[in-house]
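Thank you all for making time this morning.

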Amino acid sequence: MLTNKQTVMCIETMAEMFPAAHCELEHKNTFELLVAVVLSAQCTDVLVNRVTTSLFEKYHEPEDYIQVPIEELENDIRSIGLYRNKAKNIQALSRKIRDEFGGEVPQTHAALESLPGVGRKTANVVLSVGFGVPAIAVDTHVERVSKRLGICRWKDSVTEVENTLMHKLPEDMWSDAHHYLIFFGRYHCKAKKPECATCPLLYLCREGKKQAKARGFDG
């Protein structure tokens, strides 16, 4: 596996490739961010943003989601996968935020993960993007890139990937590294057609070297 120094170098290279990497879920406040991240499960940010453009004009705070009939909320997000379950969770988390957290999105892992539909990845995104707390949210891109490069092991769970990244990177890099890894995975080291031939990290990448040998380009 890559050393701590090599891992930091990989993130720095990704930063040079994607200096403007950021959370692409559009939101105006932390509550909107939370709703958007819940909606983004197994769904693209592009589709979520398309839906939330009108959703966030209609709903502004937890109470708005609580008062509307569940069927109406389902219809508002119908184009998003798993929309019934997501509508149920959004309504339930809105109620819990109102009743237990004074209408404000909580700022700890434990409190966030107590909300319906919120797991560790969602909590990490909200803490990092919404509150500026150092965190690494492991989504499909972060996991894929980390395993391909050899930052972690192929068999590692999502939690193990997160822990390995936190161990190998200094804390002040965590939140930015999360965005760099996502952009690198989304726009360069893609799931089906990774751009290995033009990758500046090819010389370090265990998966890229296999691809190079199979496709006949220099690794």
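This is a predicted model: local features need pLDDT of at least 70, side-chain atom pairs count only at pLDDT 80 or more; totals for chains, interfaces and linings use all residues.

Residues are numbered from 1 along each chain as its sequence is written, and side-chain values use heavy atoms, with hydrogens and water left out.

From the record, UniProt lists residues 39-187 for "domain: HhH-GPD" in an unreviewed entry; positions from UniProt are given in the numbering used here, feature names are shortened, and annotations may be inferred rather than shown by experiment. In the model, that span is 66% helix and 0% strand, and its end C-alpha atoms lie 21 Å apart. Helices here are DSSP runs of H or I with at least four residues, strands are runs of E with at least two, and both are numbered from the N terminus.

Now to the interior. A nonpolar core is a set of buried Ala, Val, Leu, Ile, Met, Phe, Trp, Tyr and Cys residues joined through side-chain atoms within 4.5 Å, where buried means under 20% relative accessible area, exposed means over 50%, and partly exposed is in between, using a 1.4 Å probe and protein chains only. The largest such core has 36 residues, and L34, L55 and Y65 have the most contacts inside it. Two or more residues come from each of α2, α3, α6 and α8 (120-131), with α2 giving the most, eight residues. Another core, of 33 residues, lies apart from it, and includes M14, I151, L165 and L201.

Which residues does L34 contact, leaving aside its neighbours within four places in sequence? They are L93, I97, V105, L115, V118, T122 and V126, contact meaning heavy atoms within 4.5 Å.

Next, a buried glutamate: E162, in helix α10 (residues 158-168), has a relative accessible area of 4% and so counts as buried. Apart from neighbours within four places in sequence, E162 is in contact with R120, N124, I136 and V138.

Let me turn to helix α12 (residues 206-215), where E207, G208, Q211 and A212 are buried. These four lie on the same side of α12 because they cover an arc of only 140° around the axis, the arc being that of the directions from the helix axis to the C-beta atoms. The buried residues of α12 pack against α9 (140-149), whereas the face turned away from that buried side carries the exposed residues K210, K213 and A214.

On a 1 Å grid over the protein atoms alone, a cavity is a set of points where a 1.4 Å probe fits but cannot get out, and lining residues have an atom within 4 Å of a point; grid points are joined across faces, edges and corners, and a volume is the space filled by probe spheres set on the points. The count comes to one cavity of 30 Å³ or more, and the largest cavity holds about 90 Å³ of space. Its lining has 14 residues, of which C189, C196, C199, C205 and G208 lie nearest the centre. Both α9 and α12 supply at least two lining residues, and α12 has the largest share, three.

Finally, the loops. Q42, between α2 (30-39) and α3 (45-58), has a positive phi near 55° although it is not a glycine, and Q42 counts as exposed because its relative accessibility is 76%. L82, between α5 (70-76) and α6 (83-100), likewise has a positive phi, of about 60°, and L82 is partly exposed at 48%.

Terms used. On a 1 Å grid over the protein atoms alone, a cavity is a set of points where a 1.4 Å probe fits but cannot get out, and a pocket is an open set with protein on both sides within 12 Å along at least five of seven lines; lining residues have an atom within 4 Å of a point.
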